Amino acid sequence: MTTTQEERSTEELKALAEQAGRDLEDASALEILTWAAETFGKRFCVTSSMEDAVVAHLASRAMPGVDVVFLDTGYHFEETIGTRDAVDAVMDVNVITLTPRLTVAEQDAEYGPKLHDRDPDLCCAMRKVQPLQEGLKDYRAWATGLRRDESPTRANTPVVGWDEKRQKVKISPIARWTQDDVDAYVTEHGVLTNPLLMDGYPSVGCAPCTRRVLEGEDARAGRWAGSNKTECGLHG
């Protein structure tokens, strides 16, 4: 009898992820997502920051009605929330919005205002990492939009790997893509993108911690500018 993903142990899932990472390294993004859909079914989801809807669109082709998980930190640009609403309205996906345990006002009352300026790691932990940890508990695998060309910290991103922190299979179907590949896919398929991408923000995060990028800067230079922080903690 074939072992289903429901019956697989953590060690079996880890071995599956590592093998798939090798087998699918040269596969197309759609082939990788089709494998994920066939392997995990409803226990598979896509996470999206609503910078663009490329991975959500790809996943909807492989698995119509796929769950797309969005973290509403309470600090997003209006354009980001608008992109989420548009994706939910026009794409064949099921958008699920996660929120932190504390509202911004409650966090300000407990930790003081502008925690993101004083301790951005703690702010990200409470408003991103913890909600995602809870939101992914019923899934066995999740897909991200990570690309190797985005920053040195992402240069070795596998197309399929093992998320040790969450004990889940982590899929990055466009890991090998370049920005040109993304732009070409957006144009070919008319994929929704965040308007801020056309306004000097090649990487869009929470409003207090994101600025426009200057000419010649890395695409993620506008995130936590002026600090040593480069990742929110979701991917490391």
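This is a predicted model: local features need pLDDT of at least 70, side-chain atom pairs count only at pLDDT 80 or more; totals for chains, interfaces and linings use all residues.

Visitor: In the hairpin of S5 and S6, which residue takes a positive phi near 60 degrees?
Guide: Residues are numbered from 1 along each chain as its sequence is written, and side-chain values use heavy atoms, with hydrogens and water left out. Strands (E, at least two residues) and helices (H or I, at least four) are DSSP runs numbered from the N terminus. The hairpin has four residues between its strands, and the one with a positive phi near 60 degrees is Gln167.

Visitor: Which residue in S6 is the bridge partner of Gly161?
Guide: Two strands pair if DSSP finds at least two bridges between them. Strand S5 (residues 160-163) and S6 run antiparallel, joined by four bridges. Strand S4 (residues 141-143) runs parallel to strand S6 (residues 168-171), with three bridges. Trp142 stands opposite Lys170 in S6, and the bridge partner of Gly161 in S6 is also Lys170.

Visitor: How many residues does helix H7 give to the lining of the largest cavity?
Guide: A cavity is a set of points, on a 1 Å grid over the protein atoms alone, where a 1.4 Å probe fits but cannot get out; lining residues have an atom within 4 Å of a point. Grid points are joined across faces, edges and corners, and a volume is the space filled by probe spheres set on the points. The largest cavity has a volume of about 110 Å³, and of its 13 lining residues the closest to the centre are Cys123, Cys124, Lys128, Cys206 and Cys209. Helix H7 (residues 120-135) gives the most to this lining, and its share is five residues.

Visitor: How many residues apart are Phe77 and Tyr201?
Guide: Rings of Phe, Tyr and Trp (its six-membered ring) pair if their centres lie within 6.5 Å; planes under 30 degrees apart are stacked, over 60 edge-to-face and the rest tilted. By this rule there are three aromatic pairs. Phe77 and Tyr201 form an edge-to-face one, 5.5 Å centre to centre with 65 degrees between the planes. Phe77 lies in the loop between strand S2 (66-71) and helix H4 (78-90), while Tyr201 is in the segment after helix H8 (179-189), so the pair links parts of the chain whose separation is 124 residues.

How values were computed:
On a 1 Å grid over the protein atoms alone, a cavity is a set of points where a 1.4 Å probe fits but cannot get out, and a pocket is an open set with protein on both sides within 12 Å along at least five of seven lines; lining residues have an atom within 4 Å of a point.
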